Amino acid sequence: MTRHAVTLILFLAACGGPDDTTLDQHSGTPLKPAVTAPTRQPVSGDWRVRVAADVADLQATDPDLFAQLTSVSAQRSRAGILRFSSTPSADPRATSVFLDRLVRGGGSVAERAALGEVLGRTTGTYADALVDLFASEREASVRSAYVHSAKRATSEHAVTVIQRGLGDSSTEVQAEAARVAAGHPSGARLATELRAALASSAPEVRSEAARSLGILGVETARGELLARLDDGAADVRLEALRALDRITPGSVDATRLALLSRDSDERISRLAVKLADTAVR
Amino acid sequence: MILGFAIGQRRSGSNSIEVPSHRAKLRPVMSRFTCALVLCSVAACGEEGGSQGPDAGTGTDACVGSGCTPAPDAPPDGPPPPPPWSFRNVFGVANLDDDDGATRDWEQAPFAADDDMAKLVLPKETLAMVTGPVQLTLTGSLTSIRIYRATQLVLGGTAGGGPLSITPTGADIELLIEFGNYSVAGELAITSGTNTWISKLQAAPLLMNHHLQPAEHVWAVRVGDNTSFINSYQSVLGTKFTAVSGSTVGSDVWMQDEFEFGTTTGEGNQRLDVVIDSIRDRGLDGYAESSWVGPDTIASAWGNPATATSYDSFGNLEASPPVVVNGVSYPFGKIYYGKVGTSGLNSTLGTFLASQKVQAPFQLPTNWLCVGHVDEYSSFLPDPASPKGFKLVIADVPAALAVLATMSPTAALPMYSQDHGYATVGAILNDAALIALNNDLQSDYLNPIIAKFKTELGLTDADIIKVPSLFETVSNCGGRVAALIPGMANLIVANVDGQTTHVFTADPFFRSTTNQATDPMINAFKAASSPTLQWHFIDDWNTYHLGLGEVHCGTNVRRTPTASWWTTAQHLMGSN
């Protein structure tokens, strides 16, 4: 079995699927129809080969779906950013069609970012492609979308994308990568990069890194996190305090908490008071 | 001295204020409700209500003028008789609409079809008290108040403040009063010999609607994949619902965000609806002008479209139901919108809304949300059994976690599998980052927001329904969040027939089958709400939920005004 096939299976297992649905026969019909995975074995090797094969196969076997996937466009979300506002087809080959659209280029930056985001909502394999797409993408918002989608993939490729995101030239991408790391099953492997991110000149990167280190329970980051309690950015102080308590509850000393309880940011002062109260009890 | 004595004298009898009667603007329900409210207010407020505001009690006159019957429990001896030389105060609407399809009425001389002028009658019986001429002097907003005799401008505007001398001829003297803007006020001194009376002239403030007002009509935009959503409204509301064709509005489905309905009302059933038009200016921009604007309805925008952000959409601008806070009554509720520092609703609109005074706006943080709107986490539901008549509905993470704790970790969530990456309840609970995020949002934002609501609206825990809610971060939104479980606090209340209160909100799909009765999130929300509500959990998953909005975001409602500001809100208007 190829690595891609393993990835696909792991991904589907992680995401679950309609077959997981526990249906009470008296409670109505299932909310989602069952997915019929293609019987063809995934193509091994370079992801481009797989994508080309999937696209050709879909075009031949389900031209209507192919046409729909190639023409569907992202809509302006309520926030104004472009987003695909419908559930993508559950057919894993849909992933390849979206990847194909990205490879072929065209479309605005916002449209590419939307395509990058929707990959994470498809059921096929895409993390290997993200590594290459990330490397060749000039726009930070698109790279950020790739990192976001990497959160849903469990393969080594996904970790690579997040890792490269942490080292990206854009603080927007770095922050997204730091954020995503906390929720990724292999996020703890990025502890070194996250600790380094605590020294970033961008407060949003420092705060996201601090937050992730806390959620991941990176004990070795305690010293750096303590230093960040004096950070000039309130978000960083808040996340550092939170992280320290998550790593070792009750570990922030009373003197420090007393100081932070007078912080000008109410989120920090509230948290410090709460932690001090907890420590007393 | 004169002001202190003269203004606010209670008046009943023949000196009723009138407007041209060819077109009564308020629906019957409004008149009945207004009268009931006024009578109730007068009866309940007693001495305080009778003496508090300069014009307290004039609404009783309006009631009589509208043909309603006096309250059975009115004081038997009634108000003290007015002094012999006394006239009415005038409470009208700004004449900003276009009643003749030509040009804005304020820009024209009076004409027959213009129903936004107020009439002040100086009755011949009162004028008979004096023998010499009557002097009229106008002070206050001279540029925004005009007084006409027939079609001749006699005071205000280019005519100045007077004095104007009129010699009574034995007939009534009829004056037409026109206001050029919201909330403008002036005083008309009516003097003859040693007799002086000052009538207050005041234009209506612009008031935003709230969820307890009857719904007159509901709109949403029909696009390719929201058929279920549209059909749900259509089947319940019938002709009271309009599905706007998406192709005519650039597929802009965010009907709530482009418009906010407000009303202005005056004595004699005057009503001018004001569509506050957002500066967001996406596909729906222009819909108000093409479909709603005309006689008795205008659209106005505040702010510079070039500076628009998501905060300027009107899911970020709402009004509470009527409240009493620290003994102060807000009969039209209070406005609230999202803003922290300079991030929020544009200050031009914020300043204008504050200037209307009656709904005393306050601000809430929305900068933690990707979209950034107050309707993402809060709303109001009627609750007839509640002392306040309503409940605040607010998104709540612990409420969601409590529901999750009652479910099997293996319970399937097929709708969440692909779009959110959570196939089961256990998958959500096992995502430590997600749970931490939501707990932190509750601590950092939602709890302080609840506290703020309590302070600003005088609420207690008993007045609050906590709706199960979870959030997640969104791509390219700087770490800010949107609803993971379709936001049920983002709801629409529509009482269109005076009987059934329909509530439309998102189907959370927190189950494996189509049977909503098995949905624990639905059941938790319904169990916490009034049993009088008719619920409609509608499918907004595609188009709305995945587009980072929900039911309220995709809907707008025109509502009937239900109280007379000149009788119930003078204490809030200060020295307008």
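A residue counts as buried here if 20 or more other C-beta atoms lie within 10 Å of its own. By that rule, ten of the eleven residues of helix α7 of chain A are buried, so α7(A) is largely enclosed by the rest of the structure. The model is a predicted one.

**Chain A as a whole**

- Chain A contains 15 helices and two strands.
- Of its 281 residues, 49% count as buried.
- Among the contacts in chain A with a separation of 6 or more, 64% come from residues 24 or more positions apart.

**The two domains of chain A**

- The domain assignment divides chain A into domain 1, residues 45-185, and domain 2, residues 208-281.
- The centres of domain 1 and domain 2 of chain A, taken over C-alpha atoms, are separated by 35 Å.
- Where the two meet, five residues of domain 1 of chain A are in contact with six residues of domain 2 of chain A.
- On the domain 1 side of this contact there are four nonpolar residues, no polar residues and one charged residue.

**Helix α7 of chain A**

- Helix α7(A) spans residues 140-150.
- Its buried residues run through A:Ser141, A:Val142, A:Arg143, A:Ser144, A:Ala145, A:Tyr146, A:Val147, A:His148, A:Ser149 and A:Ala150.
- The cover over these buried residues includes α5, α6 (127-136), α8 (156-166) and α9 of chain A.

**Where chain A touches chain B**

- Chain A gives 46 residues to the contact, and chain B gives 46 residues.
- On the chain A side, the elements that supply two or more residues are β1 (75-76), α5 (109-119), α7 (140-150), α9 (171-183), α11 (203-216) and α15 (266-280).
- By class, this side of chain A has 14 nonpolar, 18 polar and 14 charged residues.

**A four-stranded sheet in chain B**

- Four strands of chain B form an open sheet in the order β2-β7-β4-β5, and the pairing is antiparallel.
- The edges are β2 (118-122) and β5 (152-156) of chain B; each has a single partner strand, so one side of each is left without a neighbour in the sheet.
- On average, neighbouring strands of this sheet are turned by 30 degrees against each other, direction ignored.
- Five bridges connect β2(B) with strand β7 (residues 173-179) of chain B in the antiparallel sense.
- Within this pair of strands, B:Val121 has B:Glu174 in β7(B) as its bridge partner.

**A three-stranded sheet in chain B**

- Another open sheet has three strands in the order β27-β28-β29 of chain B, with mixed pairing.
- Its edge strands are β27 (492-494) and β29 (533-538) of chain B, each of which pairs on one side only.
- The twist from one strand to the next averages 20 degrees.
- β27(B) and strand β28 (residues 501-506) of chain B run antiparallel and are joined by three bridges.
- B:Val493 is placed opposite B:Val503 in β28(B).
- Helix α5 (residues 227-237) of chain B lies across β27, β28 and β29 of chain B, and runs at about 160 degrees to β29(B).

- Strand β24 (residues 464-468) of chain B is mostly covered, with four of its five residues buried.
- Strand β23 (residues 390-396) of chain B runs parallel to β24(B), and five bridges join the two.
- B:Val393 stands opposite B:Ile465 in β24(B).
- In helix α13 (residues 520-527) of chain B, the buried residues are B:Met521, B:Ile522, B:Ala524 and B:Phe525.
- Seen down the axis of α13(B), these buried residues fall within an arc of 165 degrees, so they line one face of the helix.
- β24(B) is one of the elements that cover the buried residues of α13(B), and α9 (397-405) and β29 of chain B are also among them.

**A proline in chain B**

- B:Pro448 belongs to helix α12 (residues 432-457) of chain B.
- B:Pro448 is partly exposed because it has 16 other C-beta atoms within 10 Å.
- B:Pro448 lies 83 residues from B:Pro365 in sequence, while the two are 9.1 Å apart in space, C-alpha to C-alpha.

Technical notes: Residues are numbered from 1 along each chain as its sequence is written. Chains are lettered from A and ligands numbered from 1 in the order in which they are written. This is a predicted model: local features need pLDDT of at least 70, side-chain atom pairs count only at pLDDT 80 or more; totals for chains, interfaces and linings use all residues. Two strands pair if DSSP finds at least two bridges between them. Axes are lines fitted to C-alpha atoms, for helices over the stretch in contact, and angles run from 0 to 180 degrees between N-to-C directions. Two residues are in contact if their C-beta atoms, placed from the backbone, lie within 7 Å. Ala, Val, Leu, Ile, Met, Phe, Trp, Tyr, Cys and Pro count as nonpolar, Asp, Glu, Lys and Arg as charged, and the others, Gly among them, as polar. A residue is buried if 20 or more other C-beta atoms lie within 10 Å of its own, exposed if 12 or fewer, and partly exposed in between; C-beta atoms are placed from the backbone. Domain bounds come from an automatic or database domain assignment. The arc is that of the directions from the helix axis to the C-beta atoms.
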